[in-house]
Amino acid sequence: MPGPVLVTGAAGGIGSALTGLLRAQGTGVITTDRACPGADPAAAGPGAWPAPGGGPGGAPGGNAARSTAGASPARPPGEDPGSGCRRPGDADYACDLIDAAAVDELFERIEAGHGPLWGVAHVAGALEAGSLLDGGLDALPRMLAANTIATANVVVSAGRRLRARRRGSIVVVASNAARVPRVQLGAYGASKAAATSLTRSAGQELASSGVTCNVVHPGSTRTPMLTASWAGPAPQAGDVQAGLAATIAGDLAQHRLGIPLGRVAEPDDVAQVVAFLLSPAARHITLAEIVVDGGATL
């Protein structure tokens with residue numbers, strides 16, 4: 001990459017895989033997620049939120065859009081961006097992405113400490129399942145906040161900076177639930193569809209400045225969020241195998257097709273696509289929606 005990349009939702013799942021892939025390719029990566037042991041809680045900015053997994057917007061094992069707020073103090077230019085959070089999967093900065101002011105502050109601190117960003121991969125999000133008709137609508141404001149408002153804040157803040165430099169790339173990870181209706185995922189799918197539309201509209205505004213803006217739609221991907229949905233936060237090996245088999249087979253009673261390729265995606269399958277779209281090799285691709293689901297949405 002011609003410059004560093006910010007990855008949101010980097011502490012687990014797809015975000016963690018993408019961070020590892022980009023760093024292996026020699027790209028400087030700065031990461032943010034909902035908690036960072038290296039961040040100073042006293043330095044947190046507006047909109048503080050306690051603890052991973054608590055409060056609206058959280059999802060078991062997922063990459064939460066809302067986190068302990070504010071950004072950890074920027075490190076000096078040239079210092080390893082990973083040095084602030086030393087355990088595998090830790091993020092460099094904690095930020096409440098639902099808070100526009102906190103997001104702007106995050107970008108300011110990152111670019112002050114690491115130089116101008118080349119690109120942003122927005123992977124953070126949250127999932128709540130439930131019937132729309134039987135109480136699931138209660139989740140809609142939380143899903144819109146975590147998956148749509150947070151996306152808007154990241155895309156707008158990044159877009160303004162990249163537009164001024166007339167180069168760069170933004171990739172938003174949404175979901176194939178944004179493209180097809182899903183039983184029990186009405187609020188989630190609606191929030192991801194809104195995020196997709198918003199991202200592509202921003203991409204239209206950015207195109208004349210040479211900035212690309214694309215969306216990746218994963219299907220079922222082997223992450224802690226998916227395995228927890230099968231049998232709780234600590235599924236046994238048998239639960240995982242049964243869950244994989246059921247996901248691949250589909251469920252006609254739930255109007256859900258199986259996966260024609262016969263496998264659930266690994267996080268790296270999605271990360272590879274995101275990394276390509278971030279790179280100059282994808283310089284003539286913008287406003288695109290790339291589905292990475294093994295053919296599940298046909």
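## Close-up views of a predicted model

View 1. Glu-266 is partly exposed, with a relative accessible area of 30%. Here buried means under 20% relative accessible area, exposed over 50%, and partly exposed in between, using a 1.4 Å probe and protein chains only. The model is predicted: local features need pLDDT of at least 70, side-chain atom pairs count only at pLDDT 80 or more, and totals for chains, interfaces and linings use all residues. Residues are numbered from 1 along each chain as its sequence is written, and side-chain values use heavy atoms, with hydrogens and water left out. Arg-222 is also partly exposed, at 34% relative accessibility. The side chains of Arg-222 and Glu-266 meet in a salt bridge with an N to O distance of 3.0 Å. Arg-222 lies in the loop between strand 6 (212–218) and helix 5 (224–231), and Glu-266 in the loop between helix 6 (237–249) and helix 7 (267–278), so that distant parts of the chain, 44 residues apart, are linked. A salt bridge is counted when a side-chain nitrogen of Lys or Arg is within 4 Å of a carboxyl oxygen of Asp or Glu. Helices (H or I, at least four residues) and strands (E, at least two) are DSSP runs, numbered from the N terminus.

**View 2. The Asp-92 and Arg-23 salt bridge.** The closest N and O atoms of Asp-92 and Arg-23 are 3.6 Å apart in this salt bridge. The pair ties together parts that are 69 residues apart in sequence, because Asp-92 lies in the loop between strand 2 (29–33) and strand 3 (93–94) and Arg-23 in helix 1 (residues 13–24). Asp-92 is buried at a relative accessible area of 2%, whereas Arg-23 is partly exposed at 35%.

View 3. Asp-104 forms a salt bridge with Arg-161, with 3.9 Å between the closest N and O atoms. Asp-104 belongs to helix 2 (residues 100–114) and Arg-161 to helix 3 (residues 140–165), so the pair ties together parts 57 residues apart in sequence. The Asp-104 residue is partly exposed, with a relative accessible area of 27%, while Arg-161 is buried at 17%.

**View 4. A salt-bridge network at Arg-179, Arg-200 and Glu-289.** Salt bridges link Arg-179, Arg-200 and Glu-289 in a network. In total, the structure holds nine salt bridges.

View 5. Seven strands form an open sheet in the order 3-2-1-4-5-6-7, with parallel pairing. Strand 3 and strand 7 (289–292) stand at the edges with a single partner strand each, so one side of each is left without a neighbour in the sheet. Two strands are said to pair if DSSP finds at least two bridges between them. Strand 6 and strand 7 run parallel and are joined by four bridges. Ile-290 in strand 7 is the bridge partner of Val-216.

**View 6. Strand 4 and its two partner strands.** Strand 1 (residues 5–8) pairs with strand 4 in the parallel sense over four bridges, and Gly-119 in strand 4 is the bridge partner of Val-5. Strand 4 also pairs with strand 5 (residues 169–173) in the parallel sense, again over four bridges; His-122 stands opposite Val-172 in strand 5. Gly-119 and Ala-121 point one way from strand 4, Val-120 and His-122 point the other way, and all are buried.

**View 7. A nonpolar surface patch of three leucines.** Leu-132, Leu-133 and Leu-137 form a nonpolar patch on the surface, with about 340 Å² of accessible area together. Patches consist of residues with over 30% relative accessible area and no salt bridge; like charges are joined within 9 Å and nonpolar side chains (Val, Leu, Ile, Met, Phe, Trp, Tyr) within 5 Å. Accessible areas come from the Shrake-Rupley method with a 1.4 Å probe, and for residues only the protein chains shown count as cover. Leu-132 is found in the loop between strand 4 (119–122) and helix 3 and is partly exposed at 41% relative accessible area.

**View 8. Two buried cysteines.** Cys-95 is buried, with a relative accessible area of 1%, and Cys-213 is buried with a relative accessible area of 1%. The structure holds zero disulfides, a disulfide being a pair of cysteine sulfur atoms within 2.5 Å. Across the chain, buried residues make up 52% of the 298 residues.
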